[in-house]
Structure formats: structure tokens, C-alpha cells
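Have the sequence and the 3D view ready.

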Amino acid sequence: MIQELKRYYISDCGNVADIDFGNITLNVANTTAYLDNATATVTCNVGYQATNENITCQVDGTWDDTSCEVIDCGDVADIDFGSINLNAINTTTYLDNATARVTCNTGYQVINGNISCQVDGTWEDTSCEIIGTYNSMF
């Protein structure tokens with residue numbers, strides 16, 4: 001039991017692993033031990049986001065899990081007084097330059113008729129405004 005506890009207290013996580021579509025950098029060079037509170041920062045390539053942006057050396061000598069995943073804006077939201085439809089079926093990721101077309105019901109005008117998936121994983125804002133009210137606001 002004491003031997004096992006001793007092993008945990010001197011745990012060294014070693015160098016951080018390589019990850020696909022990004023990299024991991026130690027926050028303090030050559031600091032990879034649990035006792036030293038070793039941490040690292042995960043940076044992903046454009047179009048990807050980290051599942052865990054900051055990782056820590058754990059008592060068992062392993063680093064927290066992380067990966068870089070494709071930024072996906074998901075389904076487009078419903079819109080009042082109109083509809084939004086993907087320009088390419090099932091294409092909702094930033095890497096695929098996902099876009100959607102906005103159409104408004106009769107009597108409404110579109111504000112931003114083509115929206116895109118943004119790098120933060122959200123769709124651009126859009127709306128359908130009753131004709132005549134949008135211009136009067138400015």
C-alpha cells in the first residue's frame with residue numbers, strides 16, 4: 001500500500017502526446033510531474049476545437065484526455081416569419097464552409113439572406129422583419 005502511494009506521489013506524466021489537427025504545449029518547459037502541478041495547453045488547427053483546452057498531469061501518471069474535433073454548427077435554428085435551409089444537405093461544419101439560405105414569408109424582408117457556420121461553432125444571425133420596420137429603425 002505504501003509503495004503504491006509513493007508511486008502516485010512521484011508520478012511523471014512524461015511528454016505530452018501528439019494529437020491530430022492540433023498540438024499540445026507544456027505550460028512550463030520540462031515540467032511533466034504530478035507533484036509539480038504540470039499543465040499543458042491544447043491548440044487546434046483552424047476549423048477544429050479542443051475537447052479540453054487545458055490538461056493536467058494526473059496522480060496516476062497520465063495526462064487528461066483531449067482531442068481536436070471539427071467545429072460543427074449543428075442544425076440551423078427555426079426563424080420567426082420565415083425558414084432557413086442548408087445550401088448543401090447535412091453540411092453543417094466550418095471546414096465545409098457550410099451555408100444556409102434564409103427566406104421570409106410574404107410581407108417580411110430578410111436581414112442577412114445567406115448565413116454561414118462561424119469559427120466559434122454558431123450560425124450567423126439573421127431575421128425576417130416586417131417590411132417597412134427595418135429601415136425605420138436606422
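F81 counts as partly exposed, at 42% relative accessibility; buried means under 20% relative accessible area, exposed over 50%, and partly exposed in between (1.4 Å probe, protein chains only). This is a predicted model, in which local features need pLDDT of at least 70 and side-chain atom pairs count only at pLDDT 80 or more, while totals for chains, interfaces and linings use all residues. Residues are numbered from 1 along each chain as its sequence is written, and side-chain values use heavy atoms, leaving out hydrogens and water.

**Aromatic pairs**

- A search of the whole structure finds two aromatic pairs; rings of Phe, Tyr and Trp (its six-membered ring) pair if their centres lie within 6.5 Å, and planes under 30 degrees apart count as stacked, over 60 as edge-to-face and the rest as tilted.
- F21 and Y48 are stacked, because their ring centres are 4.4 Å apart and their planes at 5°.
- F21 is partly exposed, with a relative accessible area of 41%, whereas Y48 is buried at 16%.
- F81 and Y108 are also stacked, with centres 4.4 Å apart and planes at 5°.
- Y108 is partly exposed, at 24% relative accessibility.

**Nonpolar core**

- The largest nonpolar core has 15 residues, and V16, I24, A40, V42, I55 and W63 touch the most other members; such a core is a set of buried Ala, Val, Leu, Ile, Met, Phe, Trp, Tyr and Cys residues joined through side-chain atoms within 4.5 Å.
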